[in-house]
Structures are given as C-alpha cells and as structure tokens.
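I opened this entry to keep track of what I looked up, in the order I looked it up.

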Amino acid sequence: MSPSSTEKLGAHCESTETAVENVAASAEDSSWPTKDFGLIPIPKRLRYNPTEPFHFGILLNASFGFASTFTVANLYYCQPLLIEFSKSFDVAYEEVSRIPTLIQAGYLVGLVLISPLGDLVRRRQLVLLLVATSTAFTIGLAVTKIFRVFEVLSFLTGVVTVTPQILMPLAADLAPPERRASALSVVLSGLMLGILIARVLAGVIGNFTTWRVVYYMSIGVQLLVLVGAYLMLPDYPSKNRDMTYFQILFSMAKYAVTEPLVIQMAIVNIASNACFTSFWVTLTFLLGGPPYYYSTLIIGLFGLVGMLGVFVGPFAGRLIDRLVPWYATLVATGVLLVSQAVQTAAGGINVAAVIIACFGLDVGRQSQQVSMTARVLSISPAAGARLNAILILSVFIGQVMGTSVGTQVFVQHGWRACSILMLALHAFEILVLLLRGPHCSRKRWFGYEGGFEARRRVILEREKPPSGEAKTVDHDPEAQKEAPIQSGEGLQSDPS
C-alpha cells in the first residue's frame, strides 16, 4: 500500500471516528425531547438515543398486546348491555340499538383522521393522549344519567380508540426484521382477544351487577394501561417532519389507489373479514336452531374456542417470520378454505365440524392478517401508520359486508348456502393472491418474477452484497420524501 493510500485511509478512519463522536454527542444533546408534552419527564431509559436502539423484548411486546386488548375492548362492552341501557335510561330498544353503530362510526372516523398521525407526531405522546382521553370519556359513560350524553360520549370514545393502530406500526419499527411478524402477531392477538373478552366480561358483570360496573372496570384497566405506557413505552422521534397533516391524509389516499400490493391485500382482507364476520354472526342462528337448540350460555362458550385460536397466533407469527410473506398468506388462506369446507360439509349436522371450523378460522384469519400486515408495512416504514390504517379500513368494510350479506343469505337460504358463499369468497382470495407472485417488484400489478423461493433466510442471504462491496439501496421516490428512521437517519432538525 502506498504512503498516500495509507494517509487517505488514516484520514478516513479519523473522519469516521469524528462522525461517531458527533452522533454520540448529539444523542446527549438536549435537542432530543426529555419531557412528554413539555411538562412530564420521560424516564431516562425510555428517551430516544440514536446510538443505542431500544431493545424490543418479550415484556415490551406483551405490554403492547395488553394495551391493545383493553383499549379495543371499549368498542364492544356495550353490545351485551343494550337491554340494561334501555331499562336504565328508560328508552326504547330502537334507540339503544344506535349505540353500537355510533361507537363503530366513531372508530371509523378515528381510523381515517387520527391513526395517520402516527406518521407525523411522536407516538409515545400520541398513545398517552389517546388512552388518557378515552379514560376520561369512559368516566363520563359510567356516571351520566342522560341518554343523549351517553350517545355523544360513545361516539367520541370510538374516535379515540385507535391506540392499537398506533402500536402495531411502532412494534414493526422497534422489532428486528427477523422477529417482525412475531411482534405483530402478539399485538394482533391482543387486539382480537379484546374483541372476544369484552363481550364476555360485559355480559357476566352486567348479569350480576349494574352495567355501570362494566365501565368502572374499564376505567381501572385503562388507567393501568396509561401508567404502563408511561413507564414502558419508548419515546420515538416523529417522522415525516416536512409533511403537513393534510399531506399525510392525501398520501394515505394515494397509497390506497396506486400501490399494487396494498390494493391486493385490501381486497383479500375485505373478502376474508366478510367470511369471518359472517361465520360468527350466523353461528348463533345455527346453534340456536335445529338440530342443536343450544342455550345462549352454551353458544357463548364457543367463543372460548375462538380464544384458543388467538393464543396460537404468536406461535404462528414465528413460523411466518421464516417464510416469504406471500407464502405465509397463501398457507393461512388455505387453512381458512379448508376450515370453511368442513363447516360447509357438516356444520349443520355434527357439532364437531363447528368446533373445528371455529378453531381453524381463528388461527387462519389471524395468521393471514399478520402476514399481510408485515408485507404491507415493508413498503415504507415511514408510512406505517397510514398503510396500517388502509388495512384496518378494509377490515371494517369486510365486517360490514359479512354482517349484512351473511345474515340475509342465512335467513333466506339456510346455513349451507351461506357457508358455500363464504367458501367461494375464500377461493376468490387465493385467486387474487395468485395474480401477483411472491417476489414481484413494488410497482408490478400482475405476474411473476424473481423465482419461487419460499424461505425468507435464503432470500436475505441472496440480497447480501459480496464481501468488500457496499450494499446498493434502491431508493423509492415516495420513500425519499418519507425517510425511515434507522439509527437516527433522517432525523435532522426541521429548519422551519
């Protein structure tokens, strides 16, 4: 090596060391926030430090799942309590039936207008604010004696119950790439568990005490979530500092109509949730009629089978981490198809078929959602909240379709016709998946390219640059505007 080369190498090493020292110094700089809302000190271990990434361990992941369970439950406590509301407020059933609709309408507003803020503001502060606000609204629900106030507060509670949709992209950001699906599966398991357990808790508590105790309980668990979020949730810098709120909303709409993968996953999500919702809505009619004639209590116990499926979710997430997400989605959709086929063949004949279908549909649906979320969030980490909001909106649309269409088909044509329709929709999902292969480039709408390798480890090894060569990065124009946060990259102070 020539002396000049040695001098250049020495100068390069010195500059590298200087850069590292500068980054370390900036980590200690007061430019990184040390207080929530400018008032409440952030625990030192939770403050952002670009040189020491947060460790996303099992405890933190489980706390995300716990928070998802007892915040999303706010949307479903009311459903078993409608008769009690009617008696307490002295109003007709037609009036109290508006409450679930108002809560879901509020949730839809929150998905569209609040969840995209996860791509614009600091998510620790956003989560703390959302949980504190929903707790305050729940206090109002528990004490008010005016039905109109109860309706307004129900709508507002729905608006701010989007905490899981902030936590899910944050979990994807914090988790290492090889554990991303596992991390998402824990948060999603908490979300689904909240949906199931809220009805059970509200029904049991409301049966033995007054309905207000349900909301007192909700206040308690939300305060626990709030304290836990303050003590455990890492502070993560805001993304997309150069974008305004309306630009964020516009870009979300743009993703929904210009990204082939997003559109493909949204279509699959709509069909899958229509089937899943239709199954659980019409299951009450099936088990309450011939040949079963089960009581309401026994029918409710079938929800426990669904809970078993939820607990299997995190283990399925580990398997998904080992596969290319397209294959994981295909396998999960295949499980849904087989489970629905069992229900179609013998659901109205033998209760064992119903139990198998309950378990299979829950496991398959959760695995499918995790794999699709992992795929979609990989498009742009800086747009995670918006991409996740699009997926959840497709879930919402599918649930509405499944409830209305499934009920009508069941009532007019029977359980088997309804099950055949859902079976056809699952087959449609597989067809939509097959239109676009596992390794298609981001902007390709149809076709196959890049082979058929299913093992994620092999794909990652192929993408590693040869030793001695720098890794080339294919910059996406949209992602350049929304630089993902990796070790402090793209976090320069906003000149404005």
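**Entry 1. The largest cavity.** I began with the lining of the largest cavity, which consists of Phe279, Thr282, Leu283, Leu286, Gln340, Gln343, Phe410, Trp415, Cys418, Ser419 and Met422. I noted that the model is a predicted one. The space in the largest cavity is about 100 Å³. Searching the whole structure turned up three cavities of 30 Å³ or more.

**Entry 2. The second largest cavity.** Next I looked at the second largest cavity, with about 60 Å³ of space. Its lining is made up of Asn74, Tyr77, Cys78, Ile103, Thr138, Leu141, Ser154, Thr157 and Tyr215. Here the elements that give two or more residues are α6 (123-143) and α7 (147-160). The lining divides into five nonpolar and four polar residues, with no charged ones.

**Entry 3. The second largest pocket.** I then turned to the second largest pocket and noted a volume of about 1,800 Å³. It is lined by 45 residues, and those closest to its centre are Gln79, Ile195, Leu196, Arg199 and Trp280. The elements with two or more residues in this lining are α5 (98-113), α9 (180-208), α12, α13, α15 (351-377) and α16 (384-413). Which of them gives the most to the lining? I found that α9 does, with nine residues. Sorted by class, the pocket lining holds 27 nonpolar, 15 polar and three charged residues.

**Entry 4. Backbone exceptions.** The peptide bond between Pro290 and Pro291 is cis, with omega at about 5°. Pro291 sits in the loop between α12 and α13 (296-322).

Tyr293 is in the loop between α12 and α13 as well. Its phi is positive, about 55°, although Tyr293 is not a glycine. Is Tyr293 buried or exposed? Its relative accessible area is 59%, so I put Tyr293 down as exposed.

Asp90 is another residue other than glycine with a positive phi, near 55°. I placed Asp90 in the loop between α3 (82-89) and α4 (93-96). Its relative accessibility is 69%, so Asp90 also goes down as exposed.

I also wrote down Gly414, which comes just after α16 and has a positive phi of about 100°.

**Entry 5. The span of α16.** I checked the length of α16 against its residue count. With 30 residues at 1.5 Å a residue, α16 should span 44 Å. The C-alpha atoms at its ends are 42 Å apart, which agrees with that value.

Entry 6. I picked Thr163, which belongs to helix α8 (residues 163-174). Its relative accessibility is 2%, so Thr163 counts as buried, the cut-off being under 20%. Apart from neighbours within four places in sequence, the contacts of Thr163 are Thr71, Val127, Leu130 and Val131.

Then I looked at Gln125, in helix α6. At 17% relative accessibility, Gln125 is under the 20% cut-off and therefore counts as buried. What does Gln125 contact once neighbours within four places in sequence are left aside? My list reads Lys35, Asp36 and Phe37. I also took the C-alpha to C-alpha distance from Gln125 to Leu233, which is 9.6 Å for two residues 108 apart in sequence.

**Entry 7. Whole-protein totals.** I finished with the overall figures. The protein has 19 helices and two strands. Of its 496 residues, 51% are buried. Among contacts with a separation of 6 or more, 81% are between residues 24 or more positions apart. The accessible surface comes to about 23,000 Å², and carbon and sulfur atoms account for 68% of that.

Key:
Residues numbered from 1 in each chain as written. Predicted model: local features only at pLDDT ≥ 70, side-chain atom pairs only at ≥ 80, totals over all residues. Heavy atoms only, no water. 1 Å grid on protein atoms, 1.4 Å probe; cavity = no way out; pocket = protein on both sides within 12 Å on 5 of 7 lines; lining within 4 Å. Points joined across faces, edges and corners; volume = space filled by probe spheres on them. Helix = DSSP H or I, 4+ residues; strand = E, 2+ residues; numbered from the N terminus. Nonpolar A, V, L, I, M, F, W, Y, C, P; charged D, E, K, R; others polar. Buried < 20%, exposed > 50% of the residue type's maximum accessible area, 1.4 Å probe, protein only. Contact = heavy atoms within 4.5 Å. Areas by Shrake-Rupley, 256 points an atom, 1.4 Å probe, with all protein chains shown as cover. Expected span 1.5 Å × (residues − 1).
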